[in-house]
Protein chains: 2
Amino acid sequence: MINKQNVLGMDIGGTNTVFGIVDARGTIIASGSVKTAKYPNFDDYVDSVYESLNALINKNGGIETIKGFGIGAPNGNYYTGEIAFAPNLPWKGRIPLADIFSKKFGIPVGVTNDANAAAIGEMTYGAGRGMKDFIMITLGTGVGSGIVCNGQLVYGHDGFAGELGHTVSKRNGRLCGCGKSGCLETYASATGVARTAKEMLELTKENSLLRSIPLEDITSKDVFDAAIQGDKLALNIFEFTGKTLGEAFADFVAFSSPEAIILFGGLTKAGPLILDPIKEHMEKNLLPIFKNKVKVLFSEMKDTDAAVLGASALAWELK
Amino acid sequence: MINKQNVLGMDIGGTNTVFGIVDARGTIIASGSVKTAKYPNFDDYVDSVYESLNALINKNGGIETIKGFGIGAPNGNYYTGEIAFAPNLPWKGRIPLADIFSKKFGIPVGVTNDANAAAIGEMTYGAGRGMKDFIMITLGTGVGSGIVCNGQLVYGHDGFAGELGHTVSKRNGRLCGCGKSGCLETYASATGVARTAKEMLELTKENSLLRSIPLEDITSKDVFDAAIQGDKLALNIFEFTGKTLGEAFADFVAFSSPEAIILFGGLTKAGPLILDPIKEHMEKNLLPIFKNKVKVLFSEMKDTDAAVLGASALAWELK
């Protein structure tokens, strides 16, 4: 009997799809990618992924060595194996991803959303190793989350649990892409940081390096660049963002009392500029029984590998 | 070998401790109680409980028929088996409840807090039967909660998960007994309803049946009595309370995507007066993917039996 020592991982993004073969230690043995946006027809997309990935597999021991295939995708549902009405993907309606790839490769396929995949990746290979209770928060264009309780990912009754980016930070606050108002994501994502910058620049006359950039063009990267040069307004933007996150985290802790909250994504590059206010305001807002107990950590996954590793980690659990 | 067909359940409250023998169908075969407040010395309390409960056991088949003993208590911790610094109990510091009763009776003993016990009771005997994902909310003097994900109670890394009554409904809002401000509990408990009544009566000149009661004496029961007589201000109080709960529930759903939120406790006596605004405002605030999916139900446990049944249900899971 051949030992099935490797798994496949794939992350489907609106622009690119990246995939790879991963071993049990979390090393990516081989990887590749296709342009998602180039395939408005889903069957063409599947053929293209199959062709590239199959070539990788054949060069690395063959399909007999592969235990399973984990896929992270926007709106990916663990229970149904589908992606459903994902706004940033070219294919409309429900796509039975797991079924299709399972038939193509003849191995078990699991699907979940990208933030859940990140949480499983962190638990298997990263900062969540050995933890049975933690919350993964991804701070990117949006705010995603994956929740682990008692060593298991929380999928909820319909597979869509863990939408913490859409809990309300400010009632009747900023309009969110989801149709609601005041969602955490509108304040604490990279986009949220840019919105905060715009608001602060419009509402005050305070001097700032950011005033040299047209309002509509300011990104979270610009705010970071200004902050590390000591720009006071830029520092205030990170303080505000961290405060908003810290306050939200205090409520998340009251829900599942995690050992740690693990942060991933572009905004974590700000380091202590974002981490310090998060910790300060989380502690300030925690119930006494939770104080000085909950770690806030940065992910230990490399940016470039995290998406594939996270998705691949799901494959170890498949039957 | 004797079939261990029954369990013991006990609920420790600040005033009374109630206990009983429960069969696998959730029938309380025999029950009794002692006055918690009468025993400032914990050893005396244990002796008194042991004496009463042992007499019940001997009259009902003997200790050989008992599988285990579940205890619900304020600040009860499932992992340590202790109650720790419970403000409403006569004993200070940490009390190793599970250890002590396990030695006394020679059977496994499990401890958790009252809201978690209610959730396990509901899952075993009540409205949560057959559900793997639901949230129990107790609306009493305070607001408690027990969260079930994937068929398991969420205890968190320290045993204290599920403090949803202390998530923030209004930033810098009403001062809470926990030391924080704006907690859900300050608005949506029986005490919160009385505070809302007081505020509305002070801030408006609106006519109301409640004006015949001294402000400091108004209870949630008074508000209910006025509301069913059609008193507009009293109806507004329930609308406000239900709205606050519904908004909070929308965030809870984003966390764990439960099949149902199950309500227990005094305020549920208000029936549709509280349920209708809860449902309306929860739906209004849900992410599109969660809309029209999540049930809001009243508990199916009888008030008088729920505490003992809930605690007893924990005993079936003990090893």
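How many residues of chain A are in contact with residues of chain B? In this predicted model, 33 residues of chain A are in contact with 33 residues of chain B, where two residues are in contact if their C-beta atoms, placed from the backbone, lie within 7 Å. Residues are numbered from 1 along each chain as its sequence is written, while chains are lettered from A, and ligands numbered from 1, in the order in which they are written. Because the model is predicted, local features need pLDDT of at least 70 and side-chain atom pairs count only at pLDDT 80 or more, whereas totals for chains, interfaces and linings use all residues.

On the side of chain A that touches chain B, strand 9 (143-149) and helix 7 (232-256) of chain A each supply at least two residues; helices (H or I, at least four residues) and strands (E, at least two) are DSSP runs, numbered from the N terminus. Helix 7 of chain A gives the largest share of this side, 4 residues. By residue type, the side of chain A that touches chain B divides into 15 nonpolar, 10 polar and 8 charged residues, with Ala, Val, Leu, Ile, Met, Phe, Trp, Tyr, Cys and Pro counted as nonpolar, Asp, Glu, Lys and Arg as charged, and the others, Gly among them, as polar.

Two copies of a chain are related by a rotation about an axis and a shift along it. The same surface serves both copies, since 100% of the contact residues of chain A recur in chain B.

Chain A itself has 9 helices and 12 strands, and its C-alpha atoms fill a box of roughly 65 × 45 × 35 Å, taken along the principal axes. The radius of gyration of chain A is 20 Å, which agrees with the value near 20 Å for a compact globule of 319 residues; the radius is taken over C-alpha atoms, and the globule rule is 2.2 Å times the number of residues to the power 0.38. Of the 319 residues of chain A, 52% count as buried, a residue being buried if 20 or more other C-beta atoms, placed from the backbone, lie within 10 Å of its own, exposed if 12 or fewer, and partly exposed in between. Among contacts in chain A between residues at least 6 apart in sequence, 62% join residues at least 24 apart.

The largest nonpolar core holds 201 residues, of which A:Val223, A:Ile261, B:Val223 and B:Ile261 touch the most other members; such a core is a set of buried Ala, Val, Leu, Ile, Met, Phe, Trp, Tyr and Cys residues joined through C-beta atoms within 7 Å. Leaving aside neighbours within four places in sequence, A:Val223 is in contact with residues including A:Val193, A:Leu210 and A:Ile237.

A:Asn285, found in helix 8 of chain A, counts as buried because it has 25 C-beta neighbours inside 10 Å. Not counting residues up to four places away in sequence, A:Asn285 touches A:Gly246, A:Glu247, A:Ala250 and B:Lys180. By contrast, A:Asn292, in the loop between helix 8 (272-285) and strand 12 (295-298) of chain A, counts as exposed, with 7 C-beta neighbours inside 10 Å. Phi of A:Asn292 is near 55 degrees, a positive value in a residue other than glycine.
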